[in-house]
Amino acid sequence: MIPAHFDYLAPTSVEEALAALGEHGDDAKIIAGGQSLLPVLRMRLNAPEVVIDLGGISSLRGIRDDGDAIVIGAMTTHHAVRDHDLVTEHALLLSKAAAEVADAQIRHRGTFGGALAHADPAGDLGAPALALDAQFVIAGPGGTRTVEAADFFVDLFETAIGDDEILTEVRVPKHTGWGAHYEKFVRVAHQWPIVAVAATVRGSIDEAKVGLTNMGSTPLRASATEQALAGASATEEGVRAAADLAAEGTNPPSDLNGASDYRQHLARVLTGRAVLKAAGS
Amino acid sequence: MTKIELTVDGAAVSDDVEPRMLLVQYLREKLGKTGTVIGCDTSNCGACTVHLDGTSVKSCNVLAVQANGRTVTTIEGLADTAEGDLHPVQEAFRECHGLQCGFCTPGMIMQAVDLLAENPTPTEEEVRLGMEGNLCRCTGYHNIVKSVLQASGQTEGAQA
Ligand SMILES: Cc1cc2nc3c(=O)[nH]c(=O)nc-3n(C[C@H](O)[C@H](O)[C@H](O)COP(=O)(O)OP(=O)(O)OC[C@H]3O[C@@H](n4cnc5c(N)ncnc54)[C@H](O)[C@@H]3O)c2cc1C
Ligand code: FES
Ligand code: FES
């Protein structure tokens, strides 16, 4: 199927894009890489009257060093995030997770900001962004504001981005030298995970940060696991007790891919694997 | 209607298109380049893979207007067909029986060319992973993987 009719706008600056959003309000939809939006439009699950393409706004693309953080433009593709030196050096977890998103063709088009704004609970980038305490820079008619990762993900497909706002960039605090691994459990090679675990560790193990994908309506932090890992040894025995806490406080969905208790089991097992691989053992 | 100007298989083209027109529709219906095929409705199968500014994309998941000002290469523009030549990857698919019904083949070849551009000597596992966005209902993938390894100049394939 093909999408219903829409008008197409191709602004060349964030200001222009915001003005277009302001003018068309609820009738408008932003398109970034289109890798989630176009399937939705083609299946006619949504039919906006106006589509505003961010593809012509070059300031939204690219990754830069900003002292204690790296800053990733919303329109930077998954492919570029995976391979960028600043990411592999200071936020290795994002590189590992970006490599696991969809397939090569979709990674060439899909964007970092688009995936996070889409906020699919099974999306692969939310949990790593949450684990790395990313900050989301959002531009709107009244100027720019910054939202912490913990406040950014609101619900299924819902973020702190308002209808008249655009996610412009994401600041990721540097985790230089931290080991990282994204352990994704899938049924079909290039699809969304049933459950995935994002782990990054300093030393082996001085400090650990662990994010969970598809264990609820938003990405989650495995806080109890993180606390138990501080000072643990990077061995199967050393991480087992901590990994067993990974599903604490979660209430994952049951669907055709797995029941809720099965997802909790997966979270515990995958956390153990992710942490050990992140620690290099 | 929105005016677009782009280069397709080496030729400059320009057209007025509806914004909702998909790139694959534009290629097939406006330009008659039916070498690029549509195999699904969900952007899963990869049959429609073309190169946009030199990297592989699923042309059913790109709007024609998003290709404005850019360069598209389809399976039809891969080899110098005027000379009757095949691209080395096409040649390898023929030699290794990398196809049965052939429906997935244009997309497989375009993705294989992209993969080899990024990683000229992949291992077998890297080929399987790099082709994960392309589905084949006939071959069981074995000869497709062989074809890509052969095109890379490693007849036996590097050890993983
Ligand atoms: C076959 C297939 C398999 C996939 N597999 C995976 C997978 O395994 N893991 C995974 O994580 N993802 C997967 N995806 C989704 C893919 O990662 C998309 O690239 C991503 O979810 C959306 O990014 P995009 O740039 O394409 O955004 P779009 O599709 O353009 O936009 C998505 C949504 O976000 C909004 N939006 C986009 N950018 C902004 C912005 N800057 N500010 C405000 N709102 C914005 C849009 O209005 C839209 O509602 C898959 C997609 C397909 C088709
Ligand atoms: S037709 Fe494009 S991926 Fe199937
Ligand atoms: S050869 Fe028939 S689908 Fe691949």
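**Chain contact and ligand shell**

Mentor: Let us begin with one pair: in this predicted model, Asp103(A) forms a salt bridge with Lys58(B), with 2.6 Å between the closest N and O atoms.

Trainee: How many salt bridges are counted between chain A and chain B?

Mentor: The pair Asp103(A) and Lys58(B) qualifies because its closest N and O atoms are 2.6 Å apart, and the cut-off for a salt bridge is 4 Å. Counted between chain A and chain B, the salt bridges come to three.

Trainee: How much area do chain A and chain B bury between them?

Mentor: The size of an interface is often expressed as the accessible area that is lost when the parts come together. Here the contact draws 30 residues from chain A and 33 residues from chain B. In chain A, the residues losing the most area to chain B are Arg42(A), Gln105(A) and Arg109(A), which together make up 27% of what that side buries. For the two chains, with 49% of the area on carbon and sulfur atoms, the value is about 2,500 Å².

Trainee: What share of the area that ligand 1 exposes when taken alone does the protein bury?

Mentor: Ligand 1 lies between chains A and B, and 32 residues surround it, the closest being Ile30(A), Gln35(A), Leu37(A), Thr111(A) and Asp124(A). Oxygen atoms of ligand 1 lie 3.1 Å from a polar backbone atom of Ala102(A) and 3.1 Å from one of Gln191(A). Taken alone, ligand 1 exposes 980 Å², and the share buried by the protein is 95%.

Trainee: Which element of chain A gives the most residues to the shell around ligand 1?

Mentor: By class, the shell around ligand 1 comprises 14 nonpolar, 15 polar and three charged residues. An N or O atom in the side chain of Lys29(A) is 3.3 Å from an oxygen atom of ligand 1. With four residues, the element of chain A that gives the most to this shell is helix 7.

How values were computed: Residues are numbered from 1 along each chain as its sequence is written. Chains are lettered from A and ligands numbered from 1 in the order in which they are written. This is a predicted model: local features need pLDDT of at least 70, side-chain atom pairs count only at pLDDT 80 or more; totals for chains, interfaces and linings use all residues. Side-chain values use heavy atoms; hydrogens and water are left out. Contact means heavy atoms within 4.5 Å. Buried area is the accessible area (1.4 Å probe) that two parts lose on being put together, summed over both. A salt bridge is a side-chain nitrogen of Lys or Arg within 4 Å of a carboxyl oxygen of Asp or Glu. A residue is near a molecule or strand if one of its heavy atoms lies within 4 Å of it. A polar contact is a pair of N or O atoms within 3.5 Å; within protein, one must be able to donate a hydrogen and the other to accept it, and residues adjacent in sequence count only if both atoms are side-chain atoms. Accessible areas come from the Shrake-Rupley method with a 1.4 Å probe; for residues, only the protein chains shown count as cover. Helices (H or I, at least four residues) and strands (E, at least two) are DSSP runs, numbered from the N terminus. Ala, Val, Leu, Ile, Met, Phe, Trp, Tyr, Cys and Pro count as nonpolar, Asp, Glu, Lys and Arg as charged, and the others, Gly among them, as polar.
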